[in-house]
Amino acid sequence: MALSIKNIKSLFPIFTHRPDLVYLDNASTSQKPQSVIRTVNDFYERENASVHRGLYELSTEATRKYEGVRKKVSQLLDTDNPLSIAFTKGTTESINLVAQGFVRKQLSPGDNIVISSMEHHANLIPWQQVCKQTGAFLKIIPITAQGELRLKEIESIVDSRTKLVAITHISNVLGTINPISEIIALAHKKQVPVMVDAAQSAGHHPISVKEWDADFVAFSAHKMFGPMGTGVLCSKPEFWPQIDPLLFGGGAIKNVTFEKTDFQDYPYKLEAGTAHVPGVIGLGAAVDFIQSLDLQEASNHTHDLCIYFKQKLLSLGTAELLGSPTNFGSIASFQMEKIHPHDVASFLAQANIAVRAGHHCAQPLLESMGVPATVRVSLAIYNTREDVDKTIEALMSLKKFWLR
Amino acid sequence: MNELNKLYSDVIKTHNETPFHFEKVEGASTILKANNPICGDRFELYIGYHDDKISLLHFFGYGCAVSKASTSVLAKSLEGKSLSDALTICKDFIAFIRGEKQVSQEDFKAFSGVHDFPERYECATLAWAEMKTFLEAKLKSQNQNEVT
């Protein structure tokens with residue numbers, strides 16, 4: 001039976017230690033359930049050993065658990081082969097790996113990479129840099145004032161010299177859910193592979209890499225109830241031989257002489273050095289936690305809560321939402337009349353409400369929408385209507401505090 | 001809410017609402033940019049000189065109440081000062097915000113609430129740090145010119 005969303009807050013120890021905390025910064029990082037914390041702790045306390053190294057029980061067990069997480073993650077993403085899953089330190093590293101280890105060698109001056117104007121810096125700067133290194137250039141899919149991709153333009157933007165399309169599943173600023181299957185179908189018609197940044201969606205929304213037919217998918221464990229410093233790159237088998245490692249060292253090799261090195265196959269060739277084993281095993285525990293929920297129900301819960309928040313916010317009459325996408329997740333960005341986002345966030349912080357203020361690592365997006373900064377509220381399964389009500393109440397007293 | 005009242009003292013609120021010399025100036029000798037890429041705050045400082053003194057200091061831009069008020073206080077405090085005096089004042093203000101020094105100026109003391117909000121140090125010192133770097137470079141190049 002799926003865990004009840006209603007009592008889920010009690011599974012997250014931070015809310016026991018800080019009962020008054022209203023945590024609405026889930027797009028930055030989510031809180032961790034007891035099961036994940038215990039798994040990481042237990043590893044160091046009872047199971048600590050390096051993986052793929054020792055011929056003793058501890059190491060064998062650590063290796064078994066570490067490798068087992070590939071299967072768990074592949075199930076979460078709905079992809080057939082557990083070996084599609086390479087462990088990285090996060091979305092950023094996964095995207096850099098594809099940019100430098102896969103795309104770079106294919107780029108010649110005049111080639112291009114297509115991204116959208118709503119990308120997080122992590123899905124922008126790696127491509128910008130690889131373009132700078134090769135003489136290729138970025139092409140940007142524009143968005144509407146509502147905050148939705150101009151889908152019709154993709155067909156003309158992706159051309160014969162496009163080497164990759166990199167697109168976010170859910171915007172970390174606007175909350176827009178992009179039609180990934182449609183975008184991938186459009187790109188594949190022109191034989192262009194697609195990388196999906198699933199940092200905001202993995203573990204929060206049902207994902208099917210198989211249905212998407214995605215070539216690369218990246219996400220971080222820490223945004224989906226797992227430990228920080230661990231992430232995933234999921235790649236289609238046909239690309240495995242073409243992805244070169246960026247880090248060289250121990251592990252990841254078949255044979256080494258002073259003259260040359262034969263590397264292991266994907267994903268192991270990408271995991272040189274001692275792995276972040278507790279991070280990966282903790283990610284496994286996070287996936288177990290997510291699988292114990294009904295993910296569709298969880299996604300509906302945060303979406304409904306987001307609608308509730310947006311309605312209440314607009315009824316204040318002093319707030320303006322950034323964008324109004326039809327299909328959105330559980331993220332909303334807004335501005336308060338005459339009060340800077342930082343001052344709003346500081347005020348809310350005094351009421352124990354954690355929100356983010358600034359450009360949310362999406363500076364070009366905000367600039368294109370003519371906004372220097374916003375306040376962002378991002379919800380997760382443990383958030384409640386009470387959290388939203390407290391926030392709205394605080395925003396009402398903010399008005400009194402500032403507008404003398 | 002008490003701490004917040006301390007952070008947003010009346011002086012800060014007043015400077016935020018009616019900032020000193022808050023306008024663009026055409027033809028300023030120096031236009032200094034004070035940007036905080038993390039939060040999107042952006043100010044331009046318009047500086048004019050006369051006889052080694054800062055004869056004009058206006059600013060314009062966008063920022064939170066703390067950064068806007070602190071830039072306003074900067075403009076008010078440094079206009080009319082010599083470059084070296086202005087540099088000393090910049091250093092004093094930054095040291096004060098970091099809790100390393102006491103100050104006597106009432107306008108400066110209004111920022112003491114920031115001590116309880118380390119995440120807002122950047123806001124309070126944004127324009128001051130730019131100004132300090134700029135003045136140090138300008139005084140250094142002047143000294144070099146005198147030597148040669």
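A residue counts as buried when its relative accessible area is under 20%, as exposed when that area is over 50%, and as partly exposed in between, with a 1.4 Å probe and protein chains only. By this scale Lys189(A) is exposed, with a relative accessible area of 56%.

The model described here is predicted, so local features need pLDDT of at least 70 and side-chain atom pairs count only at pLDDT 80 or more, while totals for chains, interfaces and linings use all residues. Residues are numbered from 1 along each chain as its sequence is written, chains are lettered from A and ligands numbered from 1 in the order in which they are written, and side-chain values use heavy atoms, with hydrogens and water left out.

## Where the two chains meet

Chain B brings 25 residues to the contact and chain A brings 17 residues, where contact means heavy atoms within 4.5 Å. The area buried between chain B and chain A is about 1,800 Å², and carbon and sulfur atoms give 52% of it; buried area is the accessible area (1.4 Å probe) that two parts lose on being put together, summed over both.

Across this interface the rule finds 2 salt bridges, a salt bridge being a side-chain nitrogen of Lys or Arg within 4 Å of a carboxyl oxygen of Asp or Glu. Asp343(A) forms a salt bridge with Arg120(B), with the closest N and O atoms 2.9 Å apart. The interface of chain B and chain A also has 9 residue pairs in polar contact, both residues being at pLDDT 80 or more. A polar contact is a pair of N or O atoms within 3.5 Å; within protein, one must be able to donate a hydrogen and the other to accept it, and residues adjacent in sequence count only if both atoms are side-chain atoms.

On the side of chain B that touches chain A, the elements giving two or more residues are helix H1 (2-7), helix H2 (10-17), strand E2 (41-50) and helix H3 (65-78) of chain B. Helices (H or I, at least four residues) and strands (E, at least two) are DSSP runs, numbered from the N terminus. The largest share of that side, 5 residues, comes from H2(B). Its residues divide into 13 nonpolar, 5 polar and 7 charged, where Ala, Val, Leu, Ile, Met, Phe, Trp, Tyr, Cys and Pro count as nonpolar, Asp, Glu, Lys and Arg as charged, and the others, Gly among them, as polar.

## Salt bridges within the chains

Side chains of opposite charge can pair when their charged atoms come close. Over all chains, the count by this rule comes to 26 salt bridges, and the table lists some that lie within a chain.

| Salt bridge | Closest N to O |
|---|---|
| Glu155(A) and Lys189(A) | 3.4 Å |
| Lys101(B) and Asp92(B) | 2.8 Å |

Glu47(A) counts as buried at 18% relative accessibility, whereas Lys65(A), at 28%, counts as partly exposed.

Glu155(A) forms a salt bridge with Lys189(A). Because Glu155(A) lies in helix H6 (residues 151-157) of chain A and Lys189(A) in helix H7 (residues 180-189) of chain A, the pair ties together parts that are 34 residues apart in sequence. Glu155(A) is partly exposed, with a relative accessible area of 37%.

In chain B, Lys101(B) counts as partly exposed at 38% relative accessibility, while its partner Asp92(B) is buried at 19%. Salt bridges also link Glu67(A), Arg70(A) and Glu271(A) in a network.

## Aromatic pairs

The structure holds 25 aromatic pairs over all chains. Rings of Phe, Tyr and Trp (its six-membered ring) pair if their centres lie within 6.5 Å, and planes under 30 degrees apart count as stacked, over 60 as edge-to-face and the rest as tilted. The rings of Phe15(A) and Tyr382(A) have their centres 5.1 Å apart and their planes at 55 degrees, so this pair is tilted. Both Phe15(A) and Tyr382(A) are buried. Phe12(A), Phe15(A), Phe225(A), Phe289(A) and Tyr382(A) form one aromatic cluster.
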